[in-house]
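Okay, thanks everyone for coming. Let me put the structure up, and then I'll walk you through a few spots in it.

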Amino acid sequence: EDLAELDARSSCCRACPRLVAWREKVAAQRRRAFATETYWGRPVPGFGDPAARIVVVGLAPAAHGGNRTGRIFTGDRSGDWLFAALYRAGFARQPTSERVDDGQRLDGVRLVAVVRCAPPANKPTPVERDTCRPWLVRELELLPARVLVVLGGFAWQSLPPTLARLGFLIPRPFPSFGHGRSVTIAHPDGRRLHLLASYHPSQQNTFTGKLTEPMLDAIFHRARQLADA
Ligand code: DU
């Protein structure tokens with residue numbers, strides 16, 4: 001199985017009744033500004049470089065972002081911030097991400113989410129997070145990741161069981177989430193993986209100045225250092 005096959009398989013998932021209902025309801029009702037568009041309304045796969053050494057781990061697709069366009073962090077405000085930062089850091093070909101056919105391309109980076117379907121109120125339940133976990137485990141098995149840039153506390157706290165399933169040794173207690181915090185974990189086969197925490201570029205954080213552009217730039221600068229070390 002390669003990433004394209006994984007994307008195809010996950011795109012048909014209907015495992016979580018609440019998420020299936022929500023993603024399809026949003027797709028049927030649409031937002032006025034997008035009334036003429038056909039929403040994707042399905043699980044959203046990862047996007048970017050199949051040889052990525054840096055994997056950005058988000059929470060879940062936005063109802064009118066990834067759930068509309070079919071590409072993660074595409075067509076929503078969080079994505080505007082994230083792709084602008086990836087562009088400034090030299091990882092993205094273009095500073096914006098609007099549509100699947102916009103020519104965007106990532107070099108060295110892949111974007112994934114802990115949960116592949118848009119959840120009500122942007123908040124998956126713990127059961128939905130656990131049900132979706134095998135997709136992320138499989139994606140990480142297929143990527144040569146050295147650094148995970150983890151956006152927000154929900155994604156951070158969801159990672160230990162995912163990484164344990166990949167065979168990594170998880171520190172107990174696992175460090176709590178904090179912007180800029182990093183932890184390096186080891187695999188018995190000698191591999192190491194760096195986890196780097198960042199505030200999520202949601203409007204809640206960017207409007208209030210909790211997350212600034214220089215703060216996000218510093219995260220990607222550090223991610224590149226860790227990936228190249
Ligand atoms: O057709 P393709 O070159 O395999 O790319 C498929 C898809 O993945 C396209 O939307 C670009 C993106 N992508 C990327 O962002 N970075 C890569 O290194 C390779 C592909």
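Let's start at P173, which sits in the loop between helix 6 and strand 5. For the labels, helices (H or I, at least four residues) and strands (E, at least two) are DSSP runs, numbered from the N terminus. The peptide bond that joins R172 and P173 is cis, with omega about 0 degrees.

Some housekeeping before I go on. This is a predicted model, where local features need pLDDT of at least 70 and side-chain atom pairs count only at pLDDT 80 or more, while totals for chains, interfaces and linings use all residues. Residues are numbered from 1 along each chain as its sequence is written, and side-chain values use heavy atoms, with hydrogens and water left out.

Staying with the backbone: most residues other than glycine have a negative phi, and most peptide bonds are trans. Now look at R30, which is not a glycine and has a positive phi of about 60 degrees. You'll find R30 in the loop between helix 2 and strand 1. With a relative accessible area of 36%, R30 is partly exposed. On that scale, buried means under 20% relative accessible area, exposed over 50%, and partly exposed in between (1.4 Å probe, protein chains only). N122 is also not a glycine, and its phi is positive at about 55 degrees. That one is in the loop between strand 3 (109-113) and helix 5.

While we're in the loop between helix 2 (17-29) and strand 1 (47-48), A33 lies there as well. A33 counts as exposed because its relative accessibility is 64%. From A33 to A121 it's 88 residues in sequence and 20 Å in space, C-alpha to C-alpha.

On to the ligand. Which residues are around the ligand? They are F47, G48, D49, P50, Q104, R105 and L106, where being near means that one of a residue's heavy atoms lies within 4 Å of the molecule. Sorted by class, that shell has 3 nonpolar, 2 polar and 2 charged residues. For those classes, Ala, Val, Leu, Ile, Met, Phe, Trp, Tyr, Cys and Pro count as nonpolar, Asp, Glu, Lys and Arg as charged, and the others, Gly among them, as polar.

Now the atom pairs. L106 has a backbone N or O atom 2.6 Å from a nitrogen atom of the ligand. The side chain of R105 has an N or O atom 3.5 Å from an oxygen atom of the ligand, and a polar side-chain atom of D49 lies 3.5 Å from a ligand oxygen atom. On its own the ligand has 440 Å² of accessible area, and the protein covers 52% of that; the areas come from the Shrake-Rupley method with a 1.4 Å probe.

Next, R71, in the loop between helix 3 (66-69) and helix 4 (77-88). Is R71 buried or exposed? It's buried, because its relative accessible area is 5%. Not counting residues up to four places away in sequence, R71 touches several residues, including F47 and Q104, and contact here means heavy atoms within 4.5 Å.

D7 is in helix 1 (residues 3-10). It counts as buried because its relative accessible area is 19%. Leaving out residues up to four places away in sequence, D7 touches P45, G46 and R110.

Now for the inside. The largest nonpolar core has 30 residues, and L148 and L163 have the most contacts inside it. By nonpolar core I mean a set of buried Ala, Val, Leu, Ile, Met, Phe, Trp, Tyr and Cys residues joined through side-chain atoms within 4.5 Å. Several elements each supply at least two residues of this core, among them helix 1, strand 4 (147-151) and helix 6 (153-165). Helix 5 gives the most, with 5 residues. If you click on L163, its contacts, not counting residues up to four places away in sequence, are L140, L148, F168, I170, I185, L193 and L195. There's a second, separate core of 27 residues, which includes I54, V56, F83 and A227.

Last stop, helix 8 (residues 213-228), where H221 lies. H221 counts as exposed because its relative accessibility is 52%. Its C-alpha is 25 Å from that of H187, 34 residues apart along the chain.

Methods: Polar contact = N/O pair within 3.5 Å; in protein donor to acceptor, adjacent residues only side chain to side chain.
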